[in-house]
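Here are my notes for your first look at this fold. Keep the model open as you read, and check each point against it.

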Amino acid sequence: VTGVVGGVNVFFLLQGACLLSIEGAMFYFFTDTEEQYPEGPHFSALFYASVTGVVGAISGFVGMLLYNKYLKWWRYHPLLVVLNSLLVVANLINIMVFTRYNLVLGIPDALFVLGSTMFHWVLYMLLYMPAVVLTSQFCPKGLEATMFALIAGAWNLGWAVGQYGGSALLYLLGVQPRGAPNESAQFKNLWLAALIA
């Protein structure tokens with residue numbers, strides 16, 4: 001493995017590790033019933049898991065098309081700076097729904113969540129594509145599958161570390177919903193977790 005390929009893998013591992021996931025608490029925030037969280041959106045688990053999953057998959061495909069049409073000519077450094085900055089903004093926007101400010105602005109919860117899901121998955125794919133392309137450009141002949149497995153492994157390991165880091169963050173902030181009745185207090189610091197993550 002050349003130094004460039006190794007550096008790309010380390011970068012994407014660290015990037016994934018820095019994307020702290022608060023998905024566990026978000027699931028309860030969005031799907032708790034009125035008895036469990038009176039202020040919540042009260043989505044069905046089917047809507048939250050399936051509909052947003054399908055929207056995310058389609059959005060990832062759109063991200064791949066956008067990269068191929070508009071961003072493949074960009075230099076990698078400025079592209080990654082812009083895309084990571086947009087990802088920070090996308091994560092900060094989630095604070096609006098956790099503080100319920102989206103309702104003050106007249107944005108329904110379902111529309112907000114679907115829009116946020118689309119934006120996030122387009123960005124995730126736009127961030128992944130440069131890694132694949134860069135690795136393919138520096139890949140030794142005959143090792144294409146190995147290089148792809150290496151970058152996918154680095155990406156997935158970083159993502160797993162981000163999952164554990166996000167769980168630790170939720171624990172430290174006292175955001176530990178379980179689907180129990182009257183757990184509004186469990187979501188008090190969810191906005192702060194989103195800010196840090």
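1. **Helices first.** A helix here is a DSSP run of H or I with at least four residues, and a strand is a run of E with at least two; both are numbered from the N terminus. Counted that way, the chain has eight helices and zero strands. Read from the N terminus, the order is α-α-α-α-α-α-α-α. Bear in mind that this is a predicted model.

2. **Overall dimensions.** The chain has 197 residues, and 39% of them count as buried. Along the principal axes, the C-alpha atoms fill a box of roughly 60 × 35 × 30 Å. The accessible surface is about 10700 Å². Carbon and sulfur atoms own 71% of that surface. Now look at the contacts with a separation of 6 or more: 74% of them join residues 24 or more positions apart.

3. **The largest core.** Which residues have the most contacts inside the largest nonpolar core? They are Ile22, Phe29, Phe30, Phe98, Leu170 and Leu190, and the core has 22 residues. Helix 2 (23-31), helix 3 (45-71), helix 4, helix 6 (109-138), helix 7 and helix 8 each supply at least two of its residues. Helix 2 gives the largest share, with four residues. As general background, nonpolar side chains in soluble globular proteins tend to be buried together.

4. Pick out Leu170 next. Leaving aside residues up to four places away in sequence, Leu170 touches Ile22, Ala25, Val175, Gln176, Leu190 and Ala193. Another core lies apart from the largest one. This other core has 20 residues, including Tyr67, Ala131, Ala152 and Trp155.

5. **Helix 4, inside.** Which residues of helix 4 are buried? The list is Leu79, Leu80, Leu83, Leu87, Ala90, Asn91, Asn94, Ile95, Val97 and Phe98. Their cover includes helix 1 (3-18), helix 2, helix 3, helix 5 (101-104), helix 6 and helix 8. An α-helix has 3.6 residues a turn, so residues three or four places apart point the same way.

6. **Asn94.** This residue lies in helix 4. Why does Asn94 count as buried? Its relative accessibility is 10%, and buried means under 20%. Not counting residues up to four places away in sequence, Asn94 touches Phe112, Ser116 and His120.

7. Now look at the surface. Trp74, Val82, Leu86, Val89, Ile93 and Phe119 form a nonpolar patch there. Together they have about 450 Å² of accessible area. Ile93 is in helix 4. With a relative accessible area of 32%, Ile93 is partly exposed.

8. **The salt bridge.** How many salt bridges does the chain have? The count is one. Arg100 pairs with Asp109, and the closest N and O atoms are 2.8 Å apart. Are the two partners buried or exposed? Arg100 counts as buried because its relative accessibility is 12%. Asp109 counts as buried too, at 11%. In general, side chains of opposite charge can pair when their charged atoms come close.

9. **Positive phi angles.** Most residues other than glycine have a negative phi. His42 has a phi near 65°. His42 sits in the loop between helix 2 and helix 3, and at 27% relative accessible area it is partly exposed. Asn182 has a phi near 55°. Asn182 is in the loop between helix 7 and helix 8. With 64% relative accessible area, Asn182 is exposed.

10. **Gly174.** Finish in the loop between helix 7 (144-172) and helix 8 (190-196), where Gly174 lies. Gly174 counts as partly exposed, at 37% relative accessibility. Gly174 and Gly60 are 114 residues apart along the chain, and their C-alpha atoms are separated by 32 Å.

Notes. Residues numbered from 1 in each chain as written. Predicted model: local features only at pLDDT ≥ 70, side-chain atom pairs only at ≥ 80, totals over all residues. Heavy atoms only, no water. Patch = residues over 30% accessible without salt bridge, like charges linked within 9 Å, V, L, I, M, F, W, Y side chains within 5 Å. Areas by Shrake-Rupley, 256 points an atom, 1.4 Å probe, with all protein chains shown as cover. Salt bridge = Lys/Arg side-chain N within 4 Å of Asp/Glu carboxyl O. Buried < 20%, exposed > 50% of the residue type's maximum accessible area, 1.4 Å probe, protein only. Core = buried A, V, L, I, M, F, W, Y, C linked by side-chain atoms within 4.5 Å. Contact = heavy atoms within 4.5 Å.
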